[in-house]
Amino acid sequence: MADMSPIDVQKALKGADYPSSRDDLVSLARSNGADEKVVDKLSHAGTKKFDGPNDVQKAIFGND
């Protein structure tokens, strides 16, 4: 995967329940077979808890 897109993140987090911790989302992404780039970005997200998919997108892509 050359670049990671928001769709890649959505696929990686399919079935996520929110609010969710960063560690839970990393585990889910791995179990969903996510690309290592997605897992790495989630692992290093500055937020430890996410209230929903928009929080995840902001943490990974810096969108406000």
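Start with helix H4, residues 53-61: its buried residues are Val56, Gln57 and Ile60. Buried means under 20% relative accessible area, exposed means over 50%, and partly exposed is in between, with a 1.4 Å probe and protein chains only. Helices (H or I, at least four residues) and strands (E, at least two) are DSSP runs, numbered from the N terminus. Contact here means heavy atoms within 4.5 Å. Just after H4, Gly62 has a positive phi of about 70°.

A word on the basis. This is a predicted model, where local features need pLDDT of at least 70, side-chain atom pairs count only at pLDDT 80 or more, and totals for chains, interfaces and linings use all residues. Residues are numbered from 1 along each chain as its sequence is written, and side-chain values use heavy atoms, with hydrogens and water left out.

Next, H3. Val38, Val39 and Leu42 are buried there. Their arc around the axis is only 100°, which puts them on the same side of H3. H1, H2 and H4 are among what covers them.

Now H2. Its buried residues are Arg22, Leu25, Val26, Leu28 and Ala29. Looking down the axis of H2, they fall within an arc of 165°, so they line one face of the helix. The face turned away from that buried side carries the exposed residues Asp23, Arg30 and Ser31. Cover for the buried residues of H2 includes H1, E1, H3, E2 and H4.

How do H2 and H3 pack, at what angle and axis distance? Helix H2 (residues 22-31) and helix H3 (residues 36-43) pack at about 175°, with axes 9 Å apart. Axes are lines fitted to C-alpha atoms, for helices over the stretch in contact, and angles run from 0 to 180 degrees between N-to-C directions. H2 and H3 are therefore roughly antiparallel. The cut-offs: under 35 degrees is roughly parallel, over 145 roughly antiparallel, 65 to 115 roughly perpendicular, and the rest oblique. On the H2 side, the contact is made by Arg22, Leu25, Val26, Ala29 and Arg30; on the H3 side, by Glu36, Val39, Leu42 and Ser43.

Between H2 and H3 there is a loop, and Ala34 lies in it. Gly33, following H2, has a positive phi, near 75°.

On to the strands. Pro19 lies in the loop between H1 and E1. The peptide bond joining Tyr18 and Pro19 is cis, with omega about -5°. Ser20 is in strand E1, residues 20-21. Is Ser20 buried or exposed? Buried, because its relative accessibility is 10%. Setting aside neighbours within four places in sequence, Ser20 contacts Leu25, Lys48, Lys49 and Phe50.

Last, charges. A salt bridge is a side-chain nitrogen of Lys or Arg within 4 Å of a carboxyl oxygen of Asp or Glu. That rule gives a count of 1 salt bridge. Asp51 pairs with Lys49 in a salt bridge, closest N and O atoms 3.6 Å apart. Asp51 counts as exposed because its relative accessibility is 53%.

Note on methods: Arc of directions from axis to C-beta.
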